[in-house]
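Here is a short briefing on a pair of packed helices. Please have a look at the sequence and the model first.

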Amino acid sequence: MSDNVSEIQADKIVDARGTSCPGPLLAAKKAIGEVAVGGVLEIWSSDPGTKNDIPAWCQKVGHEYLGCAEADGYSRLFVRRGK
Amino acid sequence: MSASKYTAVVTSSEPERVFPPLMLAMGARAMEMDAVLFFTLSGLKAIMKGEAEGISLGSYNLAEMVRQAQELGVRMVACSTALELMGISADALIDGVEVGGVATYLSEAAENAITHAF
């Protein structure tokens with residue numbers, strides 16, 4: 001399941017690298033509104049806590065967490081907008 | 001049922017005590033929860049004009065965080081008893097802060113909320 005994550009074509013990418021908690025979470029919240037329901041948002045973050053924050057946020061708010069791919073010095077997290 | 005609100009009583013403006021409730025409140029707003037912070041005693045400094053600017057921890061500045069939290073819709077209440085005890089006028093508070101008593105905090109805390117004290 002995680003193997004294909006890095007190949008997902010996101011509808012929108014939000015670059016939250018360099019921001020610290022709660023920065024990436026707030027950036028994701030703001031950006032998800034610009035993705036159609038069912039579409040995919042890709043969040044770039046260099047903050048280690050984001051890998052825990054985004055899945056928890058998805059569960060609370062009703063989006064689908066698709067997984068995380070590691071890039072050079074940052075993580076790429078994929079979320080499908082649920083509602 | 002999952003909590004729909006985050007509340008905290010903030011009693012200090014020391015970085016270790018004041019940054020966590022602000023971060024948690026902003027995170028709560030990102031998770032589409034309501035957030036209410038009740039500032040009392042030394043926590044009042046965080047919401048007084050010209051006071052929070054001088055308090056920082058790493059790259060985080062308290063005045064900037066308070067402003068960001070307000071923009072995100074975190075509700076902020078100043079304790080009326082503490083204002084009187086410490087001789088602080090309501091005019092000394094930043095804009096957008098309400099003044100309330102224990103019943104204000106408790107009625108928020110009682111409704112499906114996470115309740116923290118710092």
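Which residues of α1(B) are buried? They are B:Pro15, B:Val18, B:Phe19, B:Pro21, B:Leu22, B:Ala25, B:Met26, B:Gly27, B:Ala28 and B:Ala30, where buried means under 20% relative accessible area (1.4 Å probe, protein chains only). This is a predicted model, in which local features need pLDDT of at least 70 and side-chain atom pairs count only at pLDDT 80 or more, while totals for chains, interfaces and linings use all residues. Residues are numbered from 1 along each chain, chains are lettered from A, and side-chain values use heavy atoms, leaving out hydrogens and water.

**Helix α1 of chain B**
- The 16 residues of α1(B) (residues 15–30) should span 22 Å at 1.5 Å a residue, and the end C-alpha atoms are 22 Å apart, which agrees.
- After α1(B) comes B:Glu32, with a positive phi near 60°.

**How the two helices meet**
- The axes of α1(A) (residues 23–32) and α1(B) come within 9 Å and cross at roughly 20°; axes are lines fitted to C-alpha atoms over the stretch in contact, with angles from 0 to 180 degrees between N-to-C directions.
- That angle makes the two helices roughly parallel (under 35 degrees).
- From α1(A), A:Leu25, A:Leu26 and A:Lys29 make the contact with B:Met26, B:Gly27, B:Arg29 and B:Ala30 of α1(B) (heavy atoms within 4.5 Å).

- Helices (H or I, at least four residues) and strands (E, at least two) are DSSP runs, numbered from the N terminus.

How values were computed:
Expected span 1.5 Å × (residues − 1). Buried < 20%, exposed > 50% of the residue type's maximum accessible area, 1.4 Å probe, protein only. Parallel < 35°, antiparallel > 145°, perpendicular 65-115°, else oblique.
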